[in-house]
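Trainee: I have a new model open and would like to learn to read it. Where do we begin?

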Amino acid sequence: MKEWFAIIMGASLLVLMVPILYRIVVGPTGFDRILGVNVIGTKTAVILVIIGTLFDRVDMFVDFAIAYALLNFVGAIVVSRYFNRTVPLQEMEKPKPKPRTRAKT
Amino acid sequence: MIELLANSSVSESANSPGWFLVHSIGVGMGILGLVFFLGTAVGMVRFPDFYTRMHAAGKGDTLSTMLMLTGFGLVMMEDFSLSSWLLLLKILGIVLFIFITTPTSSHALMRAAFEDDEMPLGEKDLKKLRKRSRKSTFK
């Protein structure tokens, strides 16, 4: 029963990843793509545990899953920092005047 | 239930009713996780906006991963030996890690998108989208 549960669960996870791959391919912005990659990476940790069940070496594959979840998190954080808007070059050379605020009384 | 579990650990048989209960709880949690992941997949395809897609992906992804991993941890247990407890503890560690990190990463992504001037859809955009979809379906 354990093997069949693992096989059916892994197969349905793989099938359900297809719509997210569609979003990665046609996503209008780059953020959609990163989001899809993040979701698939989280699911890969689950699939690693399932593969460990099929090979009867779960104690080893669980460590892989921990490492993969960590890498996925770090990748998402790094990419979101990278896509953050930075100051354009012209603005850096010629700093804009600060917007006027109400004078202090 | 505790008595059932204790009895099964004494008799060391994997087919006793206590273990059957634990394994069926694990299978049910896994199937519930698949249902939530189905919601994530449908939301990622059908929602019109980046922020709504992020809503579907963030929540459904976290909850489905936690449910599936915990269900697998329960299905994996067959006795009360030390290695089996260690395995369950490691899997619960992954669950805790994902419970902390997935909302964090989606928060960081949302903030990056908002500071990158990606605006959410307003009423006018939604009306336009609805008109376009009506035209494309009826002609």
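**Reading the helices**

Mentor: Start with burial in chain B: 29% of its 139 residues are buried. A residue is buried if 20 or more other C-beta atoms lie within 10 Å of its own, exposed if 12 or fewer, and partly exposed in between, with C-beta atoms placed from the backbone. This is a predicted model, where local features need pLDDT of at least 70, side-chain atom pairs count only at pLDDT 80 or more, and totals for chains, interfaces and linings use all residues. Residues are numbered from 1 along each chain as its sequence is written, while chains are lettered from A and ligands numbered from 1 in the order in which they are written.

Trainee: How many helices and strands does chain B have?

Mentor: Helices (H or I, at least four residues) and strands (E, at least two) are DSSP runs, numbered from the N terminus. Chain B has 5 helices and 0 strands. Its pattern along the sequence is α-α-α-α-α.

Trainee: What span is expected for helix α4 of chain B?

Mentor: The expected span is 1.5 Å times one less than the number of residues. Helix α4(B), residues 82-115, has 34 residues, so 50 Å is expected. From first C-alpha to last it reaches 49 Å, close to that value. After α4(B) comes B:D117, with a positive phi near 60°.

Trainee: Which residues of α4(B) are buried, and what do they pack against?

Mentor: The buried ones include B:I91, B:I94, B:I98 and B:L109. B:T102, B:S105 and B:S106 are also among them. The buried residues pack against α2 and α3 of chain A, together with α3 (50-76) of chain B. Contact here means that two C-beta atoms, placed from the backbone, lie within 7 Å.

Trainee: How do α3(A) and α4(B) cross?

Mentor: Axes are lines fitted to C-alpha atoms, for helices over the stretch in contact, and angles run from 0 to 180 degrees between N-to-C directions. Under 35 degrees counts as roughly parallel, over 145 as roughly antiparallel, 65 to 115 as roughly perpendicular and the rest as oblique. The axes of α3(A) and α4(B) come within 9 Å and cross at roughly 10°. The pair is therefore roughly parallel. By class, their contact has 16 nonpolar, 4 polar and 2 charged residues. Ala, Val, Leu, Ile, Met, Phe, Trp, Tyr, Cys and Pro count as nonpolar, Asp, Glu, Lys and Arg as charged, and the others, Gly among them, as polar.

Trainee: At what angle do α2 and α3 of chain A cross?

Mentor: Helix α2 (residues 30-55) and helix α3 (residues 58-82) of chain A have axes that come within 8 Å and cross at roughly 175°. They are therefore roughly antiparallel. Their contact residues divide into 15 nonpolar, 7 polar and no charged.

Trainee: Where does α1(A) bend?

Mentor: A bend is the angle between axes fitted to the seven residues ending at a residue and the seven starting there. Helix α1(A) bends by about 30° at A:V18, and A:P19, a proline, follows within four residues. In α1(A), A:A6, A:M9, A:I20 and A:R23 are buried. Their cover includes α2 of chain A and α2 (17-46) of chain B.

Trainee: How many residues of chain A are in contact with chain B?

Mentor: Here 36 residues of chain A contact 37 residues of chain B. On the chain A side, α2(A) gives the largest share, 13 residues. That side divides into 22 nonpolar, 8 polar and 6 charged residues.
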